[in-house]
Amino acid sequence: QVQVVESGGGLVQAGGSLRLSCSASGRTFSSYVMGWFRQAPGKEREFVSHISWSGGSTYYADSVKGRFTISRDNAKNTVYLQMNSLKPEDTAVYYCAASTRTGIIGSRFYYSAETYGYWGQGTQVTVST
């Protein structure tokens, strides 16, 4: 059984930083493509970032490019999302997701929530003005 667990959310002032962590169990961690999504109140869930199996390739939504960094440590079964220069519009519940499906890293396939079969419970990030 695959379990995905996020941590690290909280309240931060605009311009501040937070680091989210996510662990995934159930099979070899390096077999998952890992992604981060977020959902703001009244809005649909949206793609934030994903990272390849080895961590060598990373992709971001335009809205977070240059401010967020995704990374993974396969030895620790953990993926991270470092969020810098946070803005009030980054306020959302952030979800970590794992995919066992094989596709082309960086393609629209991994930007889609439907590609990810395993999801965490979400962690709230609130950015105040």
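**The aromatic cluster and its surroundings**

Mentor: Start with Arg-45: its charged end sits over the ring of Tyr-95, 3.9 Å from the ring centre. Here a charge sits over a ring if NZ of Lys or CZ of Arg is within 6 Å of the ring centre and within 35 degrees of the ring normal. Arg-45 also lies over the face of Trp-119, at 4.7 Å from that ring's centre.

A word on the source. This is a predicted model, where local features need pLDDT of at least 70 and side-chain atom pairs count only at pLDDT 80 or more, while totals for chains, interfaces and linings use all residues. Residues are numbered from 1 along each chain as its sequence is written, and side-chain values use heavy atoms, with hydrogens and water left out.

Now the rings. Tyr-95 and Trp-119 belong to a cluster linked by ring pairs, together with Phe-37, Phe-47, Trp-53, Phe-109, Tyr-110, Tyr-111 and Tyr-116. The structure holds 10 aromatic pairs. Rings of Phe, Tyr and Trp (its six-membered ring) pair if their centres lie within 6.5 Å; planes under 30 degrees apart count as stacked, over 60 as edge-to-face and the rest as tilted.

Take Phe-37 and Tyr-116. Their ring centres are 5.2 Å apart and their planes stand at 75°, so this pair is edge-to-face. The pair links distant parts of the chain: Phe-37 is in strand S4, Tyr-116 in the loop between S9 and strand S10 (118–119), 79 residues apart. Strands (E, at least two residues) are DSSP runs, numbered from the N terminus. Both Phe-37 and Tyr-116 are buried, meaning under 20% relative accessible area; exposed is over 50%, partly exposed in between (1.4 Å probe, protein chains only).

Next, Phe-109 and Tyr-110. With centres 4.9 Å apart and planes at 80°, the pair is edge-to-face. Phe-109 is partly exposed, at 25% relative accessible area. Tyr-110 counts as buried, at 0% relative accessibility.

Then the core. The largest nonpolar core has 36 residues; Met-34, Trp-36 and Tyr-94 are among those with the most contacts inside it. Such a core is a set of buried Ala, Val, Leu, Ile, Met, Phe, Trp, Tyr and Cys residues joined through side-chain atoms within 4.5 Å. Its largest share, five residues, comes from S9.

Finish at S11. Three bridges join S9 to S11, and the two run antiparallel; strands pair if DSSP finds at least two bridges between them. Tyr-94 stands opposite Thr-123 in S11. Thr-123 is on the covered face of S11, with Val-125 and Val-127.

Notes:
Helices (H or I, at least four residues) and strands (E, at least two) are DSSP runs, numbered from the N terminus.
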